[in-house]
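Please study the structure below together with its sequence. The dialogue that follows takes up several features in turn.

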Amino acid sequence: MNKQRTAPKRKLSSRTTSKQKETVKLKPLEEKAEKTAASKPPKYWTPFSVKHRRKFERLLEVWKSNPELITIVNDNGVCFKKEFVIGRGSYGTEVYICLGSDGIERAIKRLPKFLCDKFLRTERDILNSPNAVESSRIVNFYLYDDTSNLDFDYLILDLCEQNLKEFIREEGESWWTESCARNMIRQVLEGLEALHAREPRILHRDLKPTNILVDVHGNLLLSDFGIGRFFPEQGATTYLTSNESGSPSWLAHECINWEGLYSDDMQKPSDTPLLLRWKEKSDIQVAGMLSFYILTKGKHPFGPKIDQLKNLHDDNPAGLSKLTDPVAKDLLSQMLAQDLDKRPYVEQALKHPYCLSLEEQMEFVAAVGNEPQLMSYNGVFRQLNNLDPSKPRSPLLPNDWKTVIGCDDLKILCEEGHRSPSAHDGSQYTDCLQLIRNTFQHRDGKLHRLKRKPPATSSLEEYFFQLFPTLPFVLHQIIREDPDWKTRPALKEFFPVINRHAVSGAD
């Protein structure tokens with residue numbers, strides 16, 4: 001039947017107009033057959049898309065001059081001609097623009113009916129789940145129609161401008177900034193968090209650049225859930241399948257039949273059936289590939305296609321050496337690891353300094369500075385102060401932090417503190433952390449008096465981050481290796497412990 005989603009509508013994105021807010025409310029289910037347009041085009045049209053504007057203008061021209069070419073699918077007009085296609089996928093999937101009777105621009109996905117049980121209905125069920133409905137990082141599902149046409153089923157979705165591959169190819173260098181790339185990577189992970197972090201948990205299983213959509217504001221949304229799967233039971237950690245699903249170049253290591261690739265023997269009926277293990281962290285490894293793709297404007301971390309399988313098999317993400325940002329490289333090295341235990345869960349990846357805002361990173365720094373045991377002669381103290389030859393302090397930090405701040409600013413920052421500038425040791429970063437902590441606790445108009453701040457500096461957090469941009473990352477590296485420190489009350493939110501109950505399922 002024609003099915004509009006029944007799960008609660010998620011918070012509308014900023015691109016939703018007031019008219020859209022009225023029209024996306026769920027209507028009673030109606031049995032409406034697909035039909036050739038007998039009615040006139042919508043009285044009002046709300047142009048929103050930039051890239052597809054001309055296609056909608058042409059659609060309206062066709063609607064007025066040749067209405068017999070317009071098919072109405074649940075109050076949405078579509079012309080199934082090549083010029084209105086905006087996407088194609090596997091198994092004959094086609095995506096067209098369509099225009100609702102409410103004047104809202106949408107996209108309609110069409111798939112041959114004999115494949116819909118396997119793909120389109122799965123996508124409908126996932127998009128209709130609370131995980132997807134309540135996330136602004138997953139494409140918005142409007143309606144599913146399986147009764148209007150004898151040959152095809154339809155899925156109507158919010159319209160996006162293009163996919164990530166098209167965006168990177170067509171926009172060239174104009175879009176890329178470090179902060180833009182960072183935000184895109186965070187949005188991909190936020191989409192996975194919506195799928196992975198709540199029951200019923202969901203595997204995407206087909207992450208790739210063409211399945212990440214870009215809206216008119218440049219936000220990324222996860223889409224194309226045709227081979228996605230719900231975990232079979234609450235708390236399950238593994239999805240077993242005998243099929244190697246997914247797309248070449250965008251498969252996790254554990255989801256590839258390596259034995260079949262390295263053998264030319266024919267499978268016998270008596271042979272043990274192939275079982276591939278899909279886990280949440282399978283999506284994470286592919287998300288790492290996508291993150292590298294974003295950072296490098298279209299490259300793959302395991303190299304060109306001819307080398308990708310071998311490098312993936314050998315646990316050799318050769319492209320990582322090309323990254324110059326040590327924070328991004330650290331996160332991606334974890335996400336791309338062949339060893340599942342070395343890969344983070346999505347909640348952990350989102351707490352990596354690369355994914356935290358400036359304010360969140362400095363909150364972490366202040367929390368470390370406020371730890372009562374910071375000045376004790378423990379492992380963290382020794383490594384921060386470069387006192388342990390076996391664990392030297394990271395070269396990412398300047399040798400003398402006092403020189404970086406400067407005498408004049410140091411005097412201002414030490415006001416109302418318990419120590420004078422001369423009492424601080426520039427080689428000891430525990431002193432630096434305590435100074436930052438004390439400054440945040442006693443702000444008192446210090447910011448506008450500081451000499452070494454750029455004119456646009458708006459907060460003390462920004463001031464310190466500009467002076468020591470790698471400090472949160474170095475602290476994160478040290479503390480994540482210390483079981484005691486990363487579980488302390490003020491720090492454990494930055495090092496989430498994820499406990500999934502091990503239950504296996506199968507196709």
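**Reading a salt bridge and its surroundings**

A: Glu461 is buried, with a relative accessible area of 15%. Buried means under 20% relative accessible area, exposed means over 50%, and partly exposed lies in between, with a 1.4 Å probe and protein chains only. This is a predicted model, in which local features need pLDDT of at least 70, side-chain atom pairs count only at pLDDT 80 or more, and totals for chains, interfaces and linings use all residues. Residues are numbered from 1 along each chain as its sequence is written, and side-chain values use heavy atoms, with hydrogens and water left out.

Q: With which residue do the side chains of Glu461 meet in a salt bridge?

A: A salt bridge is a side-chain nitrogen of Lys or Arg within 4 Å of a carboxyl oxygen of Asp or Glu. Here the partner of Glu461 is Arg443, at 2.5 Å from N to O. Glu461 lies in helix H17 (residues 460–467) and Arg443 in the loop between helix H16 (429–441) and H17, so the pair ties together parts that are 18 residues apart in sequence. Arg443 is partly exposed, with a relative accessible area of 33%. Helices (H or I, at least four residues) and strands (E, at least two) are DSSP runs, numbered from the N terminus.

Q: How many salt bridges does the structure hold?

A: The structure holds 31 salt bridges. One of them joins Arg110 to Glu94, with the closest N and O atoms 3.0 Å apart. Arg110 belongs to strand E7 (residues 105–112) and Glu94 to strand E6 (residues 94–100), so this pair ties together parts that are 16 residues apart in sequence. Arg110 is buried at 13% relative accessible area, and Glu94 is buried at 17%. Another salt bridge links Asp314 and Lys310 at 2.8 Å, N to O. Asp314 is partly exposed at 40%, whereas Lys310 is exposed at 54%.

Q: Which residues are linked in a network of salt bridges?

A: The network links Arg53, Arg54, Glu57, Arg58, Glu61 and Glu83.

Q: Is Asn385 buried or exposed?

A: Asn385 has a relative accessible area of 4%, so the residue counts as buried. Its place is the loop between helix H13 (379–384) and helix H14 (401–405).

Q: What does the side chain of Asn385 reach?

A: The side chain of Asn385 reaches the backbone nitrogen of Tyr429 at 2.9 Å. A polar contact of 3.1 Å also joins the side chains of Asn385 and Thr430. Contact in general means heavy atoms within 4.5 Å. Leaving aside neighbours within four places in sequence, Asn385 is in contact with Arg393, Ser427, Gln428, Tyr429 and Thr430.

Q: How many bridges join strand E8 to strand E9?

A: Two strands pair if DSSP finds at least two bridges between them. E8 (residues 141–145) and E9 (residues 152–158) run antiparallel and are joined by 4 bridges. The two strands form a hairpin with 6 residues between them, and Leu143 stands opposite Ile156 in E9. Strand E8 is mostly covered, since 5 of its 5 residues are buried.

Q: In what order do the strands of the open sheet stand?

A: The 3 strands of this open sheet stand in the order E10-E12-E13, with antiparallel pairing. The edge strands are E10 (162–163) and E13 (220–222), each of which pairs on one side only. E10 and strand E12 (residues 212–214) pair over 2 bridges, and Gln162 stands opposite Val214 in E12.

Q: Which residues of helix H5 are buried?

A: In H5 (residues 164–171) the buried residues are Leu164, Glu166, Phe167 and Ile168. Their cover includes E10, helix H6 (178–196), E12, E13 and helix H8 (280–295). At the start of H5, a side-chain oxygen of Asn163 reaches to within 3.1 Å of the backbone nitrogen of Lys165. Gly172 follows H5 and has a positive phi, near 60 degrees.

Q: How many helices and strands does the protein have?

A: The protein has 18 helices and 17 strands. Of its 507 residues, 54% count as buried.

Key. A polar contact is a pair of N or O atoms within 3.5 Å; within protein, one must be able to donate a hydrogen and the other to accept it, and residues adjacent in sequence count only if both atoms are side-chain atoms.
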